[in-house]
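Hi,

Here is the structure I promised to pass on to you. Please have a look at it first, and then read my notes below.

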Amino acid sequence: MVDVAPTGPAILQHLQHVLDGQRHNSSEFARQLQELDERVSELVQRKGETIVQLAQHYLPDMSSEHVHQVFGDVRRELDSILKRKHKRERDLARKIDRIVSRQQDASRQLESVTRELNEKVVQRERLENELTQHLQTNDTFLQLSERTIDAERRLAEHESRVIELNGEADRKLPSYQQSILFQYLWNRHYGTPEYNCGRLIRRLDDWVARLIDYRKYRPSYLFLCTTAERVAEEVKRRRAEFERDVSEMEGIENGLSAELGLDPILQTGTQLGEQRDAMVEELTSLESELEALEDELIELESDEGRFFDDAIDRLRKFLSETETSVLEQRAEQTPEKLDDEIVAEIGYLNEELDDSRESIREMREKRTDAEKLIKGLGYVLRECQNSDFDSDRCYFDPDFDVTIPIDRFLKKEIGRQTLLLEIRKRQHFHPTWVDKLFQRTASILNNETSRAVIRAVAELATQVLIHTLSNKQGRRNRTFTRKKGF
Amino acid sequence: MSQSTDTPMSLDQIMRIVDVATTLRKEREFVEQQLNADETKSQLRRRLLEVAEVTGEQVTSEEVDAAIELYYSRLHSFQEPAGGFSITLAKLYVRRVAILLVLVGFALAAISVWGLMTFGLLPW
């Protein structure tokens, strides 16, 4: 059986599926937590009422109305705290639902845009391939490209030579300029036809010139003063010639490109690329918004939430006023049956409360773990989207099974960075049209020079395309030639 | 333009044109030579190694490279001879106008003071 290489979009889909599963788990845990919370509230309420019964039974000095009033106040306050907590939880859940729904919409749109973009890329590659074939048969373009490639290389060398000459002049000229003897002779144009003076002065000037060996150094001074400028002029002229050749090549390429109808494809591709980038950005921002809300939700459910603190404070105050242990001790001492039943009820409620609290703790841990996994998977998914996994050219090693690293991540054996690395190191891209062209041509042509020319033409054509794209009013820009994926 | 087709050019004109053409050619050659300085250096290196081989000198290519670099770093470098009597004298000579002006100034000042003193225009 031949292994089929998994594609980038398939891997993305799988990651999305796992992420959705974890989200489902997390919301299930949240639902169970809420049920447990409600159960605890109910138990606390029952326990409160039972304690009040006991207190009424044993505290004759305390009026029934007073006990009802005290506990009623506490219960109302606790209820109010709980209601506020639930209200905030509901708000957060609603917001999270809205964001998840927006995320799903954006993901669907992203998929559709990416699909369209991939179609355009295929069309573009086909047309660019045709364009390259046309350019390869265009003699003028071939000659120009050969010339410009050589000229560009030489121009770079020449420009560095100008810099070298300027540096030499800067280093060596000061000693000429600081010598008053040399400058005297230079300013009098000594040794040139312009030099004109009497015999005595001429003799004395000859003597000065001999002293500093002026005849030897004058050409050097002239060289240092003028050469860099003269060479720079020539390099500038050659650069202009080179630019003319490149413009001519661009003209040929533009003409052919217009004939083949490449421009509208590129324009649409650019727009789609921009749309896709905006969607990826929106998804990233939604993800961070979601993370912040989920963090707040977890905090609400934890022992560190502000509602929990409020409730604890109020309960502490109430318990300091009503010592249940005192009531229980007293129940044991009396022969009456009623108080024993009440105490047994309190004991049962305490056990139930302990069990529920334990369940809540376990559920919270599960929820926190699920949220961590969601965060990690969300990060990996975003990074994969940014790495062009949705490109049709993206594929993975045939033996690569993405479920293995994902399972290890879910079991917390590896972190999110390792998961991303595991996936990325198996990612590859099918060659671009230039690579394909070169491979095909190289297999046909044995002649080294011909191969070099064809490759150079292909590379130059790419450069010219990119250059022209970036220069012409959004007709083409780099967004369309997105990273290595396209 | 039409003159060139209608009347033949004089020898002087032809010579001038030839001069200009020669200057331009030399200019181009000079610039070309400067642009191909690396080529010149490698030719020089080759020649030096050939010479060393003929003369039986034990020279490594690194030594030749170092020698060439040294040569080019010193090429066109100027250093005024260190001070001596001749140089001091030469410096005085090249500043002769300034020195003369200063001396004349001093002389004029001295004459003025002397004159004023002689004619009793000064208090002492």
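Where the two chains meet, 16 residues of chain B are in contact with 23 residues of chain A; two residues count as in contact if their C-beta atoms, placed from the backbone, lie within 7 Å. On the side of chain B that touches chain A, the elements giving two or more residues are helix 2 (11-35) and helix 5 (85-94) of chain B. Helix 5 of chain B gives the most, with 6 residues. By type, that side of chain B divides into 9 nonpolar, 5 polar and 2 charged residues. Here Ala, Val, Leu, Ile, Met, Phe, Trp, Tyr, Cys and Pro count as nonpolar, Asp, Glu, Lys and Arg as charged, and the others, Gly among them, as polar.

Before you go further, please note that this is a predicted model, in which local features need pLDDT of at least 70 and side-chain atom pairs count only at pLDDT 80 or more, while totals for chains, interfaces and linings use all residues. Residues are numbered from 1 along each chain as its sequence is written, and chains are lettered from A and ligands numbered from 1 in the order in which they are written.

Now to chain A. It has 14 helices and 2 strands, taken as DSSP runs numbered from the N terminus (helices H or I, at least four residues; strands E, at least two). Buried residues make up 24% of its 486 residues; buried means that 20 or more other C-beta atoms, placed from the backbone, lie within 10 Å of a residue's own.

Leaving aside residues up to four places away in sequence, A:Cys384 touches A:Leu12, A:Leu15, A:Phe389 and A:Ile423.

Chain B, for its part, has 6 helices and 0 strands, and buried residues make up 4% of its 124 residues. Helix 6 of chain B is hardly covered, with 0 buried residues among its 23. Just after helix 6, B:Gly120 takes a positive phi of about 65°.

Enjoy exploring!

Conventions
Buried ≥ 20, exposed ≤ 12 C-beta atoms within 10 Å, placed from the backbone.
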